[in-house]
Amino acid sequence: MYTGKIRQILLITDGCSNQGEDPIAMAALANEQGITVNVIGVIEKDVIDEKGMTEIDGIAMSGGGVSQIVYAEALSQTVQMVTRKAMNQTIQGVVNSQLQQILGRSQTMEDLPPEKRGEVMEVVDELGETVELEVLILVDTSASMKHKLPTVKEALLDLSLSLNARTGDNQFSVYIFPGKKNDVEKLLDWTPRLQTLTSVFSQLSTGGITPTGPAIRTALSAFNQKQSLRSLLSRDDESYFEESM
Amino acid sequence: MMMNHTLKNQCKVSPGTIISGKWHSHNYTIIKELGFGANGVVYLAKHKNTQVALKMSDNGMSITSEVNVLKSFAKVQGPPTLGPSLLDVDDWQSPRGRISFYVMEYIQGPDFLTFIHEKGKTWTSVLFLQLLNDLDILHENGWVFGDLKPENLIVTGPPPKIRCIDVGGTTIQGRAIKEFTEFYDRGYWGLGSRKAESSYDLFAVAMIMINTAYPKRFNKTTGGISQLREAVRQKPELIKFEKVIVKALQGHYTNAKQMRADLFDMMVEKKITNPPLRSTGATNHASIQTQQKNMKGNQPASRQAYRRKKKKSGWMEFLFIAVVLGILYAWYTFNNLP
């Protein structure tokens with residue numbers, strides 16, 4: 001069976017970073033390690049300024065992930081959709097690189113005639129159902145996020161409901177930034193069930209700083225380095241992936 | 001919404017645009033937009049004087065995935081009720097890049113709630129019986145529809161026939177539901193998992209029944225069965241189906257046939273157990289049948305039944321009508337097969 005893992009950071013924020021490293025660079029670093037960074041910008045009646053918007057898109061782009069700006073009410077649906085979409089993108093990326101090995105340099109799934117594409121898609125679907133998934137959730141708890149936190153919690157419970165309907169295993173971990181003492185603080189260690197998120201979560205809120213860059217950097221160290229996405233190719237025993245990169 | 005931004009921009013084409021396929025070289029002239037969702041835009045288009053529906057998306061994966069579902073539906077025996085039939089799959093080299101699309105049969109008609117609103121609530125039960133029949137075939141073939149909601153149900157005709165469109169959420173049984181809408185999702189209400197099972201769709205059917213009495217839907221407060229049961233009890237038109245609705249909401253039906261049988265019994269039983277109401281009950285039921293028959297092709301037998309019913313005499317007569325209607329209905333369903 002397929003033994004690779006898909007690793008994602010899901011960043012939930014409502015504005016621009018204002019402390020520490022450039023989050024876009026940190027996201028690029030994550031991507032280099034085979035970790036996808038997805039960003040969800042939560043707005044209410046307020047609108048995220050141009051600068052915040054650019055940063056959100058930038059982080060997802062350099063992190064190889066998906067970004068979306070949503071109203072708080074639509075958060076639940078978005079969180080699961082973004083996670084799924086990013087997961088499929090990753091799988092497709094892996095499948096495409098295999099296709100290139102087999103069919104030659106410039107071939108990707110889109111270059112196949114539609115009839116053949118269907119068969120490849122079945123493989124992508126199958127992997128999406130069974131692959132092991134690790135999602136590290138980074139929640140912005142700066143002052144402006146305070147009243148959105150109950151909604152964020154709801155959305156995270158909903159995410160675990162969606163992903164736990166899959167056959168494959170899931171691991172979740174939750175970090176908040178800024179933390180009480182440090183830039184980033186671990187709230188929940190790796191667990192298959194997000195239901196363990198305490199009620200404390202909704203009341204969390206600290207200062208006005210938003211150290212998004214340092215938060216991503218810390219998140220990276222939370223993933224076990226040995227099992228990066230690249231190993232997904234060599235450790236796999238399914239025929240589609242027999243050839244390693 | 002970044003993804004949708006790109007999607008909307010890329011897939012926005014104006015009427016008159018000619019979409020030509022790269023692989024099969026068919027041409028389609030866009031007539032108008034029919035609707036758009038998370039996974040793409042659907043257009044009404046013309047191909048050699050035939051109207052077709054064309055769905056395009058810059059996300060080639062979702063197009064391929066839906067095409068796989070439609071292809072698998074095409075293999076199922078019987079009338080093509082499961083989804084629209086698939087006509088073509090191709091890529092279009094648009095001025096803004098390559099866009100994947102597929103072409104399907106154009107299913108014309110109002111959506112479910114609009115139809116009920118226009119034709120009256122007497123149609124509700126008939127359409128639900130039809131829907132449950134189709135879902136049963138779908139489930140028997142190993143699929144779960146997933147994103148079942150009134151917007152994805154079109155009533156075509158005459159004779160009125162419910163059809164499911166948009167197979168974006170259609171999932172192989174046992175996997176995780178691909179796409180859903182909160183109000184119709186049992187996970188959202190805390191009443192079950194998001195695993196693709198028959199009972200997942202049946203929950204959505206019960207929510208659509210509730211939706212007919214609450215056209216604007218409502219939000220989750222306490223969630224769970226208590227909130228939904230309370231919503232049912234507040235509407236007289238729902239109370240009579242309370243048993244079926246609640247049973248479906250709690251996931252007690254393992255297949256669509258059971259729910260259909262209960263719903264059917266409820267419509268018949270009502271007339272027998274409530275003698276004071278029986279004539280009105282009979283009228284409703286008979287007129288549904290008669291209307292349906294008339295649209296089908298004016299069977300004299302049903303006209304007769306209609307006249308008899310008007311006399312509103314006694315028990316015997318009523319029983320006779322019930323039996324005749326039963327036979328007619330069976331005959332009608334049988335007739336509807338190819």
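I will start with one helix in chain B. Helix α5 of chain B, residues 198-213, has 16 residues and spans 24 Å from its first C-alpha to its last, close to the 22 Å expected at 1.5 Å a residue. The expected span is 1.5 Å times one less than the number of residues. Of the 16 residues in α5(B), 15 are buried, so the helix is mostly covered. Buried here means that 20 or more other C-beta atoms, placed from the backbone, lie within 10 Å of the residue's own; 12 or fewer is exposed, and in between is partly exposed.

A word on the source. This is a predicted model, in which local features need pLDDT of at least 70 and side-chain atom pairs count only at pLDDT 80 or more, while totals for chains, interfaces and linings use all residues. Residues are numbered from 1 along each chain as its sequence is written, and chains are lettered from A and ligands numbered from 1 in the order in which they are written.

Now chain A. Its secondary structure comes to seven helices and six strands, taken as DSSP runs numbered from the N terminus: H or I of at least four residues for helices, E of at least two for strands. Of the 245 residues of chain A, 46% count as buried.

Next, a helix pair. The axes of α1(A), residues 23-32, and α6(A), residues 212-222, come within 8 Å and cross at roughly 15°. Axes are lines fitted to C-alpha atoms, for helices over the stretch in contact, with angles from 0 to 180 degrees between N-to-C directions. The two helices are therefore roughly parallel to each other, the term for angles under 35 degrees; over 145 is roughly antiparallel, 65 to 115 roughly perpendicular, and the rest oblique.

On the α1(A) side, P23(A), M26(A), A27(A), L29(A) and A30(A) meet residues of α6(A), among them I216(A) and L220(A). Contact means C-beta atoms, placed from the backbone, within 7 Å.

Which residues of α6(A) are buried? They are T212(A), G213(A), A215(A), I216(A), T218(A) and A219(A). The buried residues of α6(A) pack against α1 and the strands β1, β2, β4 and β5 of chain A.

Last, the two chains together. In all, 23 residues of chain A are in contact with 22 residues of chain B. On the chain A side, α4(A) gives the most, with eight residues. Elements giving two or more residues to that side are β3, α3, α4 and α5 of chain A.

Conventions:
Contact = placed C-beta atoms within 7 Å.
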